[in-house]
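Student: I'd like to learn how to read a model like this one, feature by feature. Could you walk me through it?

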Amino acid sequence: MSNSNQVRKSVSEFYTQAVRSGSGCACGCGGGDAVPKSFAAQFAGYGDDVAGLPADAVANSFGCGNPLAFSEVKPGEAVLDLGSGAGIDLLIAAHKVGPSGRVIGIDMTDEMIARARANAAEAGFANIEVRKGIIEDLPVETTSVDWVISNCVINLSPEKDRVFTEIARVLKPGGRMLVSDIVVQDVPAWVRESMALYASCVAGAVSEAEYTEGLRRAGLVDVEVRERYPYDFDQVKALIESEVPAEATASCCGPAPSSCCGGDTAPAPIDAATIAAEVAQKVWSAKFHARKPAERTT
Ligand SMILES: C[S@@+](CC[C@H](N)C(=O)[O-])C[C@H]1O[C@@H](n2cnc3c(N)ncnc32)[C@H](O)[C@@H]1O
């Protein structure tokens with residue numbers, strides 16, 4: 001198995017476990033009881049958008065923003081959600097596009113796909129389709145969607161340039177992308193290289209500059225960051241404590257750093273407070289916008 005496939009497998013196992021345990025918290029926190037509610041309110045920012053949605057979809061929201069907030073998605077349009085999880089953004093998108101529009105979710109984790117399909121059925125949306133696949137190789141027709149959305153997923157991809165290229169491929173000319181995701185700036189190598197912190201969206205995240213350059217390299221234009229929500233010490237600590245087993249934080253890049261730690265010396269012992277002190281204000285949720293040029297033909 002390639003290294004990238006190994007990373008995806010480990011991420012998928014993490015989210016299978018997260019949705020089974022109902023923690024409601026990973027990259028951000030949904031409605032689970034394991035974390036302070038203010039966390040969910042600040043990072044998801046869903047407000048009234050979740051009124052009336054199936055409770056399971058809200059409780060199993062693992063996002064770090066609300067990509068569709070104030071969006072100009074219109075009735076009849078096609079929306080594609082990368083890493084749709086239990087389906088919260090699929091439901092909000094289905095409401096916006098109405099019966100004449102369509103919504104497609106892509107996820108690699110069977111447990112998430114089952115939840116999203118059940119939540120779409122419970123909400124009575126016949127225009128939501130959830131497909132199994134990876135976001136690096138989308139099972140979606142070229143130039144077929146008006147919008148690509150995603151909520152806290154691309155940071156988890158070990159092959160982000162492939163994802164950006166796929167976004168550019170599936171968008172119709174003039175189609176747009178709205179993505180909420182975690183970005184980092186200046187976090188130490190021992191944090192970036194810790195698999196224990198990868199699935200909770202810290203270790204795999206790149207900087208805003210790397211993100212926007214990747215989108216531009218893929219041929220997208222009007223690339224910009226529209227919102228930012230920095231994670232403070234308490235929020236990072238709560239996130240790590242709720243998601244990362246204590247013994248795992250010390251693995252690989254632990255007190256006796258191995259070669260995987262890029263030569264950095266990790267402080268010992270490594271606990272949630274130590275990591276949070278290192279990472280607070282260097283990690284934030286950002287909302288990215290991009291557009292496929294109208295004249296583009298591929
Ligand atoms: C942090 S959760 C976010 C779920 C959802 N967007 C939300 O806001 O609740 C990440 C989701 O992305 C999926 N995922 C992660 N990497 C993926 C990949 N490379 N291809 C497809 N799905 C992926 C996981 O299975 C999981 O459901």
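Predicted model: local features only at pLDDT ≥ 70, side-chain atom pairs only at ≥ 80, totals over all residues.

Student: Is N127 buried or exposed?

Tutor: The idea is to compare relative accessible area with a cut-off: under 20% is buried, over 50% is exposed. N127 has 13%, so N127 counts as buried.

Student: How does S100 come out, buried or exposed?

Tutor: S100 has a relative accessibility of 59%, so S100 is exposed. You'll find S100 in the loop between α4 (88-97) and β2. Leaving out neighbours within four places in sequence, S100 is in contact with P75 and G76. With G76, the side chain of S100 reaches the backbone nitrogen at 3.4 Å.

Student: On to the sheet. What is the order of its strands?

Tutor: First the general idea: strands of a sheet pair through backbone hydrogen bonds, either parallel or antiparallel. Here, 7 strands form an open sheet with mixed pairing, in the order β3-β2-β1-β4-β5-β7-β6. At the edges are β3 and β6 (221-230), each pairing on one side only. From one strand to the next, the twist averages 15°.

Student: In which sense do β2 and β3 pair?

Tutor: β2 (residues 102-107) pairs with β3 in the parallel sense, over 5 bridges. To find your place there, look for I106, which stands opposite R131 in β3.

Student: Which helix packs on the sheet?

Tutor: Helix α6 (residues 160-170) does, touching β1 (78-82), β4 (145-151) and β5 (171-184). The direction of α6 makes about 155° with that of β5.

Student: And a pair of helices? At what angle do the axes of α1 and α5 cross?

Tutor: Look at how far apart the axes come and how they cross. For α1 (residues 3-21) and α5, the axes come within 8 Å and cross at roughly 45°. Therefore α1 counts as oblique to α5.

Student: Which residues make that contact?

Tutor: From α1, Y15, T16, V19 and R20; from α5, E111, M112 and R115. Sorted by type, the residues of the contact of α1 with α5 are 3 nonpolar, 1 polar and 3 charged.

Key:
Residues numbered from 1 in each chain as written. Heavy atoms only, no water. Buried < 20%, exposed > 50% of the residue type's maximum accessible area, 1.4 Å probe, protein only. Pairing = 2+ DSSP bridges. Helix = DSSP H or I, 4+ residues; strand = E, 2+ residues; numbered from the N terminus. Axes fitted to C-alpha atoms, helices over the stretch in contact; angles between N-to-C directions. Contact = heavy atoms within 4.5 Å. Polar contact = N/O pair within 3.5 Å; in protein donor to acceptor, adjacent residues only side chain to side chain. Parallel < 35°, antiparallel > 145°, perpendicular 65-115°, else oblique. Nonpolar A, V, L, I, M, F, W, Y, C, P; charged D, E, K, R; others polar.
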